[in-house]
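Here is a short report for a reader meeting this structure for the first time. Please have the sequence and the model open alongside the text.

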Amino acid sequence: MNERARHWQYDELPGVDLLRARYVHKRFVRHTHENFVIAAIADGVEVFHHGGGDQHAGPGALALVNPDTPHTGRAGVPEGWRYGALYPSADVVAEIAAETTALRGTPGFVSPVVDDPYAVGLVHQVLRAADEGNALAADTLLRVAVTRLLRLNGGPMPRREVRTAGARIAARARGVLQERMAQPPTLERLAADLGTSPFALLRAFRDVYGMPPHAWLTNARVRRARQLLDTGTPPAEAAVAVGFTDQPHLNRHFSRIVGVPPGAYQRERKNVQDPL
């Protein structure tokens, strides 16, 4: 069974990424998204590690992940899984929540899996409307889907406050890695500069961000590469700019986090035209 995926944007749905995919052997490494993930399973089963355990989403269910929440993804059955996904920004979800729900604070999803065939159908209808260029339907159905899921499974997201000394060191380490993305220090050097030991830093960073510093850095590089690709930077240049050794290095990590290779991703973006 062939794997296929399309990751794109529709101009009339600003702040929302769209995905339609079938995966069999694909394994998403531990990563995060800046946006929400609303993945509607059409058939098969997806297994994803989230919140300390494996979650299973089958036909008629949705996998729901809040922004900056570490998770993985893989097939739960031999035939893989087919799904459609919406990635609305936090601003889009907050706007909808303020208009249609009584949620206070920053809205988010409480449970990572919700069985709701009707909402699954809404997600696929949004994707179909976007494909057909039906802006009114796409915008309407998106708002209906997000409202329904927030009413079924919404709550205020907890504030992430940096309180402990370890958390403050982790936050400082994150800042250094963000600033020195293309040429990061070793764990030993980073720890020494922050006045701690390598293993103490490793534990603190994992506790706060859900992954070790090197995995966080790979995820951050892919996020930055996406921004560069969106503005038309060629994949080979984007790879070097964010600190990967070459384009194949970017291709491997990009596909394991975004779900499609960077070239295919860029061809679908609105600011990039295929060469004549």
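## Arg 20 and its surroundings

Setting aside neighbours within four places in sequence, Arg 20 is in contact with Arg 4, Ala 5, Arg 6, Trp 8, Tyr 83, Gly 84, Leu 127, Arg 128 and Asp 131. The model is a predicted one. Arg 20 sits in strand β2. Its relative accessibility is 32%, so Arg 20 counts as partly exposed.

Arg 20 and Gly 175 are 155 residues apart in sequence, and their C-alpha atoms are 34 Å apart in space.

## Salt bridges around Asp 131

The whole structure holds 14 salt bridges. One of them pairs Asp 131 with Arg 6, with the closest N and O atoms 2.6 Å apart. This pair links distant parts of the chain: Asp 131 is in helix α2 (residues 117-132) and Arg 6 is in strand β1 (residues 4-9), 125 residues apart. Asp 131 is partly exposed, at a relative accessible area of 39%. Arg 6 is partly exposed too, at 29%.

Asp 131 also forms a salt bridge with Arg 20, and here the closest N and O atoms are 2.7 Å apart. Asp 131 lies in helix α2 and Arg 20 in strand β2, so this pair ties together parts that are 111 residues apart in sequence. Through shared partners, salt bridges join Arg 6, Arg 20, Asp 131 and Glu 268 into one network.

Which residue does Asp 17 pair with in a salt bridge? The partner is Arg 226, and the closest N and O atoms are 2.5 Å apart. Asp 17 belongs to strand β2 (residues 16-23) and Arg 226 to helix α7 (residues 213-230), so placed that 209 residues separate them in the chain. Both Asp 17 and Arg 226 are buried.

## Ser 89 in its loop

Ser 89 lies in the loop between β9 (81-88) and α1 (90-100). Is Ser 89 buried or exposed? Its relative accessible area is 15%, so Ser 89 is buried. Beyond its neighbours within four places in sequence, Ser 89 is in contact with Gly 15, Asn 35 and Phe 36.

Helix α2 has 16 residues, which should span 22 Å at 1.5 Å a residue. Its end C-alpha atoms are 23 Å apart, which agrees. The buried residues of α2 include Ala 119, Val 120, Leu 122, Val 123 and His 124. Further along, Val 126, Leu 127, Ala 129 and Ala 130 are buried as well. Their cover includes β1, β2, β4 (37-44), β7 (61-65), β9 and α3. Just after α2, Gly 133 takes a positive phi of about 75°.

The buried residues of α3 are Ala 138, Leu 141, Leu 142, Ala 145, Val 146, Thr 147, Leu 149, Leu 150 and Asn 153.

In soluble globular proteins, nonpolar side chains tend to be buried together. The largest nonpolar core here has 32 residues. Leu 13, Leu 18, Ile 38, Leu 62 and Leu 86 touch the most other members. At least two residues of this core come from each of β2, β4, β7, α1, α2 and α3. Helix α2 gives the most, with eight residues.

Take Leu 62. Not counting residues up to four places away in sequence, Leu 62 touches Ile 38, Ala 39, Ala 40, Pro 112, Val 113, Val 114, Asp 116, Ala 119, Val 120, Val 123 and Leu 149. A second, separate core has 31 residues, including Leu 190, Ala 225, Val 242 and Ile 257.

## Helices α4 and α6

Helix α4 (residues 165-179) packs with helix α6 (residues 198-209) at an angle of about 90°. Their axes are 8 Å apart. The two helices are therefore roughly perpendicular to each other.

On the α4 side, the contact is made by Gly 166, Ala 167, Ile 169, Ala 170, Ala 171, Ala 173, Arg 174 and Leu 177. On the α6 side, Leu 201, Ala 204, Phe 205, Val 208 and Tyr 209 take part.

How values were computed
Residues numbered from 1 in each chain as written. Predicted model: local features only at pLDDT ≥ 70, side-chain atom pairs only at ≥ 80, totals over all residues. Heavy atoms only, no water. Salt bridge = Lys/Arg side-chain N within 4 Å of Asp/Glu carboxyl O. Helix = DSSP H or I, 4+ residues; strand = E, 2+ residues; numbered from the N terminus. Buried < 20%, exposed > 50% of the residue type's maximum accessible area, 1.4 Å probe, protein only. Contact = heavy atoms within 4.5 Å. Expected span 1.5 Å × (residues − 1). Core = buried A, V, L, I, M, F, W, Y, C linked by side-chain atoms within 4.5 Å. Axes fitted to C-alpha atoms, helices over the stretch in contact; angles between N-to-C directions. Parallel < 35°, antiparallel > 145°, perpendicular 65-115°, else oblique.
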